[in-house]
Amino acid sequence: MSTPQNDLMSIGKKIRLLRRHHGMSQVVLAENIGAAQERIIQVEKDKAEYTPKQLANIKILFRIEGLPLSERECAAFKERLLYWSDLIKFGRMDEARAIHKEMANIENLEPCDLDIVMQYKMIEISMFQAEGDLATVEKKLNILENRINEMNADCLYHYHCEKSYSLLLRGCHEDSLEFNFKALNLAEKHERLSKMDKAYIYHRIAACYTYLEIPFKAIFITLKTQLPNESVRITNYHLHSMHLLALNYIRVNEISEARKLLDECLIIADGLKSDEYIGRTMLYYGFMYKKVQEWASAIEYFDEAIRCSQIGTNDCYASYYHKIQCTIQLNTFTKAKVLLEEAKDLCNGNKLWESYFEALGHYLIVSSHMSTNNNESCDYIEKIAIPYFRKMHDHFIALEYCSLLELHYEKSRRNGKSFRITREMTKIYRHVFCQ
């Protein structure tokens, strides 16, 4: 592991490391910077100093112009890195990219100050994360994975944070949890981290539990992200946290708590004039009314969510999916069939949602012919759809399909199949509510 005192190393020793890294003799260095060899020898023994002009020539020679060597320069540069990080957090990406370009030669500093280089690399990854360039993020994280033993505690913390976020965005929620807990363990020992930094970790953990559909853990962790004095600093983050909490309250049937949160979310989203967040809030209102089986009200909110959401986004597809399911519950099967065809046309090669709408087609067939045998659709739901939903951690959707089959098998007096579905539902309930 690299020494955390790199910034306390003398300039002479840092330049000696650079010189040796480039395979340069003291004689050649002296010739290039206009100094006597004796001066080089004395400086590297910390018995003399380079003149400002010689230092400027050294930075040009090793292509580290604008980068720090002295302790004072290192302190100022670290403040610049923190400022760059804050620009990214607040979404000021044009300014962030300008600083990124300004520091493009940072890797040339690695032989004498690995810690600063690593800190730069972590912030660079967070910038690509913020820009949605996940391919570049993954590539850079994979390179750094082989250098974990060279990182100090601060860089290791940031590596785990960026790795966890990358995995979260890629849908690898269990792996993301592992890296989040590693980051949290380091954060507990990190005195310089703010409450907001730790809240980010809790937020990602809560998001993982939400996507894994373990609502009680998600609620417990999400409450740790509520920072009344600081959360307003990053409104989008605060809004997303409230959405997570509302969704999980809906899942555990805490409807009044969910309603209060969604009312507040709508005020914030309106203030931001963000169709995306307004649409998502409407989507969650739809979930809430669907949970209490007020199908018509749920459909109204899903319609609003569709209107606000961009075609091709998960929010748009989810709104269509749940609207169709509510339409089926109202026994308006012809309308549901038309909506289902409309939704399938929108998928445009999205394999995930094509699978969901394919399953919903079988759900419609069984629902509309409840008193007759529908072996093909029943088999599809039991053997393909329910296992697929469980694999995708959509346990609540799996439960809806289980409930449909259970009712159908009871009506058609197929007790053996009904018992099998009941047992499957018990397994899902244990996963969702007993962890």
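Analyst: A place to start is the side chain of N180, which makes a polar contact of 2.9 Å with the side chain of R204. The model is a predicted one: local features need pLDDT of at least 70, side-chain atom pairs count only at pLDDT 80 or more, and totals for chains, interfaces and linings use all residues. Residues are numbered from 1 along each chain as its sequence is written, and side-chain values use heavy atoms, with hydrogens and water left out.

User: What makes the pair N180 and R204 a polar contact?

Analyst: The term covers a pair of N or O atoms within 3.5 Å; within protein, one must be able to donate a hydrogen and the other to accept it, and residues adjacent in sequence count only if both atoms are side-chain atoms. The N180–R204 pair is at 2.9 Å. A polar contact also joins the side chain of N180 to that of S164, at 3.0 Å.

User: Why is N180 called buried?

Analyst: Buried means under 20% relative accessible area, exposed over 50%, and partly exposed in between (1.4 Å probe, protein chains only). N180 has a relative accessible area of 0%, and therefore it is buried.

User: Which residues is N180 in contact with, leaving aside its neighbours within four places in sequence?

Analyst: They are S164, I201, R204, I205 and C208, where contact means heavy atoms within 4.5 Å. L340 is 160 residues from N180 in sequence and 38 Å from it in space, C-alpha to C-alpha.

User: Helix α9 holds L156. Why does L156 count as buried?

Analyst: Its relative accessibility is 16%, so L156 falls in the buried class. Beyond its neighbours within four places in sequence, L156 is in contact with I148, M151 and L186.

User: What puts the buried residues of helix α6 (residues 93–102) on the same side?

Analyst: The residues concerned are M93, A96, I99 and H100. They cover an arc of only 120° around the axis, and therefore lie on the same side of α6; the arc is that of the directions from the helix axis to the C-beta atoms. D94 and K101 are exposed on the other side. The buried residues of α6 pack against α5 (71–89) and α7 (114–131).

User: How do you know the side on which the buried residues of α1 (residues 11–21) lie?

Analyst: In α1, G12, K14, I15, L18 and R19 are buried. Their arc is only 160° around the axis, which puts them on the same side of α1, while R20 and H21 are exposed on the other side. Just after α1, G23 takes a positive phi of about 65°.

User: N105 is in the loop between α6 and α7. What makes N105 count as buried?

Analyst: N105 has 18% relative accessibility, so it counts as buried. A polar atom of its side chain lies 3.2 Å from the backbone oxygen of R63. Not counting residues up to four places away in sequence, N105 touches R63, I64, E65 and L67.

User: How does the radius of gyration of the protein compare with that of a compact globule?

Analyst: The radius is taken over C-alpha atoms, and the globule rule is 2.2 Å times the number of residues to the power 0.38. A compact globule of 435 residues would be near 22 Å, but the protein has 29 Å. Its C-alpha atoms fill a box of roughly 100 × 45 × 40 Å along the principal axes. The protein has 22 helices and zero strands, and buried residues make up 51% of its 435 residues.

Terms used:
Helix = DSSP H or I, 4+ residues; strand = E, 2+ residues; numbered from the N terminus.
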